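Please consult the sequence and the coordinates while reading.

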Amino acid sequence: MRIISGKHKGRRLTAPKKLPVRPTTDMAKEALFNILNNEYYFTDLSLLDLFAGTGNISYEFASRGTEQITCVDADAGCIKYITDTAKELEFTISTIKSDVFQYLLHNPIKAHIIFADPPYDLSFEEFSQIPKMVFEKDLLLKNGVLIIEHPKHTDLSVLDHFTYQRRYGGSVFSFFEYQEKTS
């Protein structure tokens, strides 16, 4: 995996093979950040990275100037890798070792962007719990967005707060936002 833009543009990172991860491809990540680049100033954002894995998405935000980043993952090896890499790259990334669903249940942190990249073998019911919990707990800051990466055979467009999706190869990014109420 590589960092596409920002302070560490072009930097290649190699995670240990033993980590239980499926990092977002560089092509999909570049497309996602092209979308976000048109909507946000990265230096003004806070990020909550759920099912953070290698921290791939968090490093991209940090390289572009985001300083308030929290990564949550249940795997101790992933958390150690993110912590060590963030230190090496001088990024301010906080890590929390926790089951993401338990974390969301008790989470006090709000963020502008919440990115979730759960294992692709989750059931539809498990995928649907992510936006449900984020919106019930009111975890998005003003003009914030929840982005869930999922396989193309999982259709999240039927869920509340869904706004749009983009497909890149076998991966889909579904975007969820607070809807403006019209009178």
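Axes are lines fitted to C-alpha atoms, for helices over the stretch in contact, and angles run from 0 to 180 degrees between N-to-C directions. The model discussed here is a predicted one.

Q: What is the relative orientation of helices H1 and H2?
A: Helix H1 spans residues 26–37 and helix H2 spans residues 56–63; their axes lie 12 Å apart and form an angle of about 45°. Angles of 65 to 115 degrees count as roughly perpendicular and those under 35 as roughly parallel, while angles over 145 count as roughly antiparallel and the rest as oblique. The orientation of H1 and H2 is therefore oblique.

Q: What is the hand of the crossing of H1 and H2?
A: The hand is judged by how the near helix is turned from the far one: anticlockwise by less than a right angle is left-handed, and clockwise is right-handed. For H1 and H2, the crossing is right-handed.

Q: How many nonpolar residues are there in the contact of H1 with H2?
A: H1 contributes Lys-29, Leu-32, Phe-33 and Leu-36, and H2 contributes Asn-56, Ile-57, Glu-60 and Phe-61. By class, one residue of this contact is polar and two are charged, and the number of nonpolar residues is five.

Q: Which strands are the edge strands of the open sheet?
A: The open sheet has seven strands with mixed pairing, in the order E3-E2-E1-E4-E5-E7-E6. From one strand to the next, the twist averages 15°. An edge strand pairs on one side only, and this applies to E3 (93–97) and E6 (162–168).

Q: Which residue of E2 is the bridge partner of Asp-49?
A: Strand E1 (residues 46–50) and E2 run parallel and are joined by five bridges. Strand E2 covers residues 68–73, and five of its six residues are buried. Within E2, the bridge partner of Asp-49 is Cys-71.

Q: Which residue of E5 is the bridge partner of Ile-114?
A: Strand E4 (residues 111–116) pairs with strand E5 (residues 140–151) in the parallel sense, over five bridges. Ala-111 stands opposite Leu-140 in E5. The partner of Ile-114 in E5 is Leu-146.

Q: What angle does the direction of helix H5 make with that of E5?
A: Helix H5 comprises residues 124–136 and packs on the sheet, where it touches E4, E5 and strand E7 (171–176). The direction of H5 makes with that of E5 an angle of about 175°.

Q: How many of the twelve residues of E5 are buried?
A: A residue counts as buried under 20% relative accessible area. Strand E5 is largely enclosed by the rest of the structure, because the number of its residues that are buried is nine.

Q: Is Asn-143 buried or exposed?
A: Asn-143 is found in strand E5. Its phi is near 60°, a positive value in a residue other than glycine. Most residues other than glycine have a negative phi. With a relative accessible area of 59%, Asn-143 is exposed.

Q: What is the relative accessible area of His-161?
A: His-161 lies in the loop between E5 and E6, and its phi is positive, near 75°. His-161 is partly exposed, and its relative accessible area is 27%.

Q: With which residues is Thr-154 in contact, leaving aside its neighbours within four places in sequence?
A: Thr-154 has its place in the loop between E5 and E6. This residue is buried, with a relative accessible area of 9%. The residues in contact with Thr-154, apart from neighbours within four places in sequence, are Phe-124 and Phe-127.

Q: How far apart in space are Gln-129 and Leu-159, C-alpha to C-alpha?
A: Gln-129 has its place in helix H5 and counts as partly exposed at 31% relative accessibility. In sequence, Gln-129 and Leu-159 are 30 residues apart; in space, C-alpha to C-alpha, the value is 9.8 Å.

Q: What distance separates the C-alpha atoms of Met-1 and Asp-26?
A: Met-1 is found in the segment before H1 and counts as partly exposed at 22% relative accessibility. Not counting residues up to four places away in sequence, Met-1 touches several residues, including Asp-26, Thr-54, Asn-56 and Tyr-81. Met-1 and Asp-26 are 25 residues apart along the chain, and their C-alpha atoms are separated by 6.6 Å.

Notes
Residues are numbered from 1 along each chain as its sequence is written. This is a predicted model: local features need pLDDT of at least 70, side-chain atom pairs count only at pLDDT 80 or more; totals for chains, interfaces and linings use all residues. Side-chain values use heavy atoms; hydrogens and water are left out. Helices (H or I, at least four residues) and strands (E, at least two) are DSSP runs, numbered from the N terminus. Contact means heavy atoms within 4.5 Å. Ala, Val, Leu, Ile, Met, Phe, Trp, Tyr, Cys and Pro count as nonpolar, Asp, Glu, Lys and Arg as charged, and the others, Gly among them, as polar. Two strands pair if DSSP finds at least two bridges between them. Buried means under 20% relative accessible area, exposed over 50%, partly exposed in between (1.4 Å probe, protein chains only).
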